[in-house]
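User: Hi! Could you walk me through this model? I'd like to chat about strands, a pocket and some charged pairs.

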Amino acid sequence: MCRDGLPQQLSYDIAIVDQKPEPPILIAVPNTVDSGGIDIYHLPSENRAAVINSDRDITTGMVMSLNVQAETTRIQVVAGYESGHTMVFVQNDPGAEFQKLYSAKPHTQPILSVAIFPSGDFYATSAADAIVAKHPLPAAKSIWKTELRPLKVNQTKHSGQQGLQVRSDGKIFATAGWDGRIRVYSGKTLRELAVLKWHKSGCYATAFAEIIESSVNLKSEEVIIKEEAIEEDKSVVQRSSA
């Protein structure tokens, strides 16, 4: 308090930071009227940026899961459907119609989750059945070179896997099971690597911490330093005993 009984006035130095505008966010959601259709919204404007109509030749049922990948003006949308179908759509230019590049039906039950690998070359699906599948994510230029079938399919014998998430390095991914188990799979072979049994009831979501390359390199350097120190201590002990 100041002498006159009023609080002392504090002065602050205000630093003006040149902040770059954040890139826009795209959100894909099922169409409210067309159950097999997809709406894509732009944030923060909240405008509907594009519409993907339901397939006229294939009865897919409802849209169950979606994932979006945007590269400059090119947008790819991966969808999983109630019928067990999965499809990939691409928009090469703003305002252009989305084209279907890939369609497959690896599942016999509704697809519960889809996730694009960080490399942008593949994506994975899990469903109410016991299958986990890996698919190509075709570019528009390779549409006629892409085989319309999954790259790998794993019959896990564990139905109801959802919340599929791929780690930032693409080496592993995890699913959350109706049986309360979290299962970890190889991103390359789809082989089951681990089963986490912490929960007594169903699990619905998974998440990974991001792999930071600098921290991995730092850890490796620390291990090397410790190993060199141990070797040096061993040599000192040997010389003293001699």
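**Strands, pocket and salt bridges**

Analyst: Happy to! Strand S6 (86–91) has six of its six residues buried, so S6 is largely enclosed by the rest of the structure. Buried means under 20% relative accessible area, exposed over 50%, and partly exposed in between (1.4 Å probe, protein chains only). Strands (E, at least two residues) are DSSP runs, numbered from the N terminus.

User: Before we go on, what should I know about the model and the numbering?

Analyst: This is a predicted model, in which local features need pLDDT of at least 70 and side-chain atom pairs count only at pLDDT 80 or more, while totals for chains, interfaces and linings use all residues. Residues are numbered from 1 along each chain as its sequence is written, and side-chain values use heavy atoms, with hydrogens and water left out.

User: Thanks. Which side chains of S6 point which way?

Analyst: Thr86, Val88 and Val90 point one way, Met87, Phe89 and Gln91 the other way, and all are buried. In a regular strand the side chains alternate between the two faces of the sheet.

User: And what does S6 pair with?

Analyst: Strand S5 (residues 74–81) runs antiparallel to S6 and is joined to S6 by six bridges. S6 also pairs with S7 in the antiparallel sense, over five bridges. Two strands count as paired if DSSP finds at least two bridges between them. Met87 is the bridge partner of Ala79 in S5, and the bridge partner of Met87 in S7 is Ser103.

User: What happens at the turn between S5 and S6?

Analyst: That hairpin has four residues between the strands, and Gly84 takes a positive phi near 100° there.

User: Switching topic: what lines the largest pocket?

Analyst: The lining includes Val51, Asp55, Arg56, Phe89 and Lys100. Strand S3 (47–52) and S7 are the elements that give two or more residues to the lining. The pocket holds about 360 Å³ of space. For the terms: on a 1 Å grid over the protein atoms alone, a pocket is an open set of points where a 1.4 Å probe fits, with protein on both sides within 12 Å along at least five of seven lines, and lining residues have an atom within 4 Å of a point. Grid points are joined across faces, edges and corners, and the volume is the space filled by probe spheres set on the points.

User: Does Lys100 have a charged partner, or which residue would that be?

Analyst: Lys100 forms a salt bridge with Asp55, with the closest N and O atoms 2.6 Å apart. A salt bridge here is a side-chain nitrogen of Lys or Arg within 4 Å of a carboxyl oxygen of Asp or Glu. Lys100 lies in S7 and Asp55 in the loop between S3 and strand S4 (63–71), so the pair ties together parts that are 45 residues apart in sequence.

User: How many salt bridges are there?

Analyst: The structure holds six. Among them, Arg183 and Glu192 meet at 3.5 Å, N to O. Asp179, Arg183 and Glu192 are linked in a network. Arg183 counts as buried at 5% relative accessibility, whereas Glu192 counts as partly exposed at 32%.

User: Last one: what is the order of the open four-stranded sheet?

Analyst: The order is S12-S13-S14-S15, with antiparallel pairing. S12 (161–166) and S15 (192–196) stand at the edges, each with a single partner strand, so one side of each is left without a neighbour in the sheet.
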